[in-house]
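Please open the structure in a viewer and keep the selection panel at hand.

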Amino acid sequence: MSEVQQIKDQIKNELALQNYQDLLQRINTKCFAKCVTKPGTSLSGSEESCLAKCSTMYIESWNLASGTYLKRVQKDGN
C-alpha cells in the first residue's frame, strides 16, 4: 500500500471516528433533554426505557442516512 493510500485511509478512519463521536453527543443531548425531565441521583424505569428507545432511533436513523449516502456516492462514482 502506498504512503498516499495510507494517509487517505487514516483520514477516512479519523472522519468516521469524528462522525461517531458527533452522533453520540447528539444522542446524549437530545435524548437526555427529551427523557429526563427531573434530573436526580438515578434514572427511573421510564427514563431508562425512553433513553434506550431514543438512542436506538437515532442510531437506526444515522445508519439509514449513512447507508443511503454511501450508495449515492458509489453510484455517482461509477
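Which residues make up the largest nonpolar core? Select Leu23, Ile27, Cys31, Cys35, Val36, Leu51 and Cys54, which form this core of seven residues in all. A nonpolar core is here a set of buried Ala, Val, Leu, Ile, Met, Phe, Trp, Tyr and Cys residues joined through side-chain atoms within 4.5 Å. Buried means under 20% relative accessible area, exposed means over 50%, and partly exposed lies in between, with a 1.4 Å probe and protein chains only. H1 and H2 each supply at least two residues of the core, and the largest share, four residues, comes from H1. Helices (H or I, at least four residues) and strands (E, at least two) are DSSP runs, numbered from the N terminus. In soluble globular proteins, nonpolar side chains tend to be buried together.

Before continuing, please note that this is a predicted model, in which local features need pLDDT of at least 70 and side-chain atom pairs count only at pLDDT 80 or more, while totals for chains, interfaces and linings use all residues. Residues are numbered from 1 along each chain as its sequence is written, and side-chain values use heavy atoms, with hydrogens and water left out.

**First selection: Ile27**

Select Ile27, which lies in helix H1 (residues 3-35). Is Ile27 buried or exposed? Its relative accessibility is 5%, so Ile27 counts as buried. Now display its contacts, a contact being heavy atoms within 4.5 Å. Not counting residues up to four places away in sequence, Ile27 touches Phe32, Ser55, Tyr58 and Ile59.

Move to Leu51, another member of the largest nonpolar core. When its neighbours within four places in sequence are left aside, Leu51 is in contact with Cys31, Phe32, Cys35, Val36 and Leu43.

Select the cysteines next. How many disulfides does the count come to? The count comes to two disulfides, a disulfide being a pair of cysteine sulfur atoms within 2.5 Å. A disulfide is a covalent bond between the sulfur atoms of two cysteines. With bonded cysteines counted along the chain, the pattern is 1-4, 2-3.

Begin with Cys31 and Cys54, whose sulfur atoms are 2.0 Å apart. This link is left-handed, with -85° about the S-S bond. Cys31 lies in helix H1 and Cys54 in helix H2, so the pair ties together parts that are 23 residues apart in sequence. Both Cys31 and Cys54 are buried.

Then select Cys35 and Cys50, which form a disulfide with sulfur atoms 2.0 Å apart. Its torsion about the S-S bond is about -65°, so the disulfide of Cys35 and Cys50 is left-handed. Cys35 lies in helix H1 and Cys50 in helix H2, so this pair ties together parts that are 15 residues apart in sequence. Cys35 is buried, with a relative accessible area of 6%, whereas Cys50 counts as partly exposed at 22% relative accessibility.

Which residues line the largest pocket? Select Lys12, Leu15, Ala16, Asn19, Trp62, Ser66, Tyr69 and Leu70, which form its lining. The elements that give two or more residues to this lining are H1 and helix H2 (45-77). The largest pocket has a volume of about 240 Å³. By class, its lining has five nonpolar, two polar and one charged residues. For these classes, Ala, Val, Leu, Ile, Met, Phe, Trp, Tyr, Cys and Pro count as nonpolar, Asp, Glu, Lys and Arg as charged, and the others, Gly among them, as polar. On a 1 Å grid over the protein atoms alone, a pocket is an open set of points where a 1.4 Å probe fits, with protein on both sides within 12 Å along at least five of seven lines, and lining residues have an atom within 4 Å of a point. Grid points are joined across faces, edges and corners, and a volume is the space filled by probe spheres set on the points.

Finish in helix H1 with Gln18, which is partly exposed, with a relative accessible area of 39%. Asn13 also has its place in helix H1, and it counts as exposed at 52% relative accessibility.
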